[in-house]
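This briefing covers sheet layout and charged side-chain pairs. The structure comes first.

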Amino acid sequence: LISHPAPFITRKTDTIVNAAWLRHENERKGRILFETMFRELPTATPLFFFYPRGLKITTASLRRGLALAALGVGVVCGVGLVLTAWCQNGHDTAGTDMQMAMTMMMPEKNMIIPRTKMIMPKSNPTGINSAGPIASSVLSSSKFSPPLFSSSLSSSSSSSRPSSPSRKSRHGGVAVRASSKPNVEKVKEGKGTGKIVVSPSVAKANMLRLGEDLSGAVDGGAEWLHFSIQDGRMVPKISFGAPVVAACRDAFPDTVFDVKLGVIEPEHRINDFIKAGADIISVHPEATLQLPAVINKIRDAGCSPGVVINPGTSLSTIEHIVQDIDVVVIMLVNPGWGGPKYMQEAISKIKGLKMMCEAKGVRTPWIEVDGGVSPSNAVELTQAGATALVAGGSVFTAKNKAEAIAALKDANKHRIA
């Protein structure tokens, strides 16, 4: 009778009492149900049970909940927009990173150049710094006598040459250069001729004496300069970016700039290096899902397209586009990892590439070899058919760069036609 009084009530107020009892039972059962559901969520329970008489989802509580949800969404979106803008403004930090690293290595006050005082080479009278103060200053000195940086570009290889036309572009706040068409024509005309060129790797140069090293290589007979771009993903190391290429373009307008993009999804970086002044842009087939489209994009932009063949990459990956490319880079080592040289595999690929082109009736592209090329193995490589030799340490560590480059070119004398 105590637990179930309703069936025994026979007064005139039955209806009122029964209604009150049903309301009480519904609230009790609902409270037990939701307490059971949220027993494992103690932090969420107060959101629903902060009223003294149990769960009551009212219009006011719904409004408060919706307001809190909207506030949370707004905060998340705001943080996302701020991070996106920050990433877009600083997506290419090669110039900033280079400045920070070099400033840390130069504690002397007279060697630190503030960003507000940019030293410009003579070939750029517009006042636009193409690669930040440090990169331009390094390239601006050929002798590097104290103080370390000079206020003008005194390199004999560039002082008498006109600068390539420039235009502003939103590229980390720097001005980038248009591709040099005459250099691209030289690359296309040299395909299949059997001419040997040496392409010193800029990554192996002394960055504190970059202008002097590159001037010595170009004056010593290097017709190309090799820029190996590494993003830390496709290749485990991280190198430099487009601002360094743009600064070098001002100093060496007549040199072919051979850019190898060791980056994931190179289609998103092609425009940066085209504007910076690249003449050749080579990509890894493994780095993109649409290799033919990337090759077409490079060619349509006025550059010579190339493909990089790693030791584990088959020649069959380029069989369908060999007629569209100007350069094939055959790696002797795994890029960024070093390790053993796959000489015999590289020689087999060189010969196979020549046979592929002959079978298709197309001109053989420049066959470039990269990864520890030196006078000791250049003869064997050129005998197999290599025509462009990427040499880093063998050139930039030599006391006489002209003699080192000549030793590599002399391999052509032993070449079997």
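Two strands count as paired if DSSP finds at least two bridges between them. Helices (H or I, at least four residues) and strands (E, at least two) are DSSP runs, numbered from the N terminus. The model is predicted: local features need pLDDT of at least 70, side-chain atom pairs count only at pLDDT 80 or more, and totals for chains, interfaces and linings use all residues. Residues are numbered from 1 along each chain as its sequence is written, and side-chain values use heavy atoms, with hydrogens and water left out.

**Sheet**
- Strand 7 (residues 304-309) and strand 8 (residues 327-331) run parallel and are joined by 4 bridges.
- Val-308 has Val-329 in strand 8 as its bridge partner.
- The order 3-10-9-8-7-6-5-4 describes an open sheet of 8 strands with parallel pairing.
- Strand 3 (197-200) and strand 4 (224-230) are at the edges with a single partner strand each, so one side of each has no neighbour in the sheet.

**Salt bridges**
- The whole structure holds 8 salt bridges (a side-chain nitrogen of Lys or Arg within 4 Å of a carboxyl oxygen of Asp or Glu).
- Asp-326 pairs with Lys-188, their closest N and O atoms 2.7 Å apart.
- Asp-326 is in the loop between strand 7 and strand 8 and Lys-188 is in helix 6 (residues 181-189), so this pair ties together parts 138 residues apart in sequence.
- Asp-279 and Arg-249 form a salt bridge at 2.9 Å, N to O.

**Accessibility**
- Buried means under 20% relative accessible area, exposed over 50%, and partly exposed in between (1.4 Å probe, protein chains only).
- Asp-326 is buried at 5%, while Lys-188 is partly exposed at 26%.
- Asp-279 is buried at 0%, and Arg-249 is buried at 0%.
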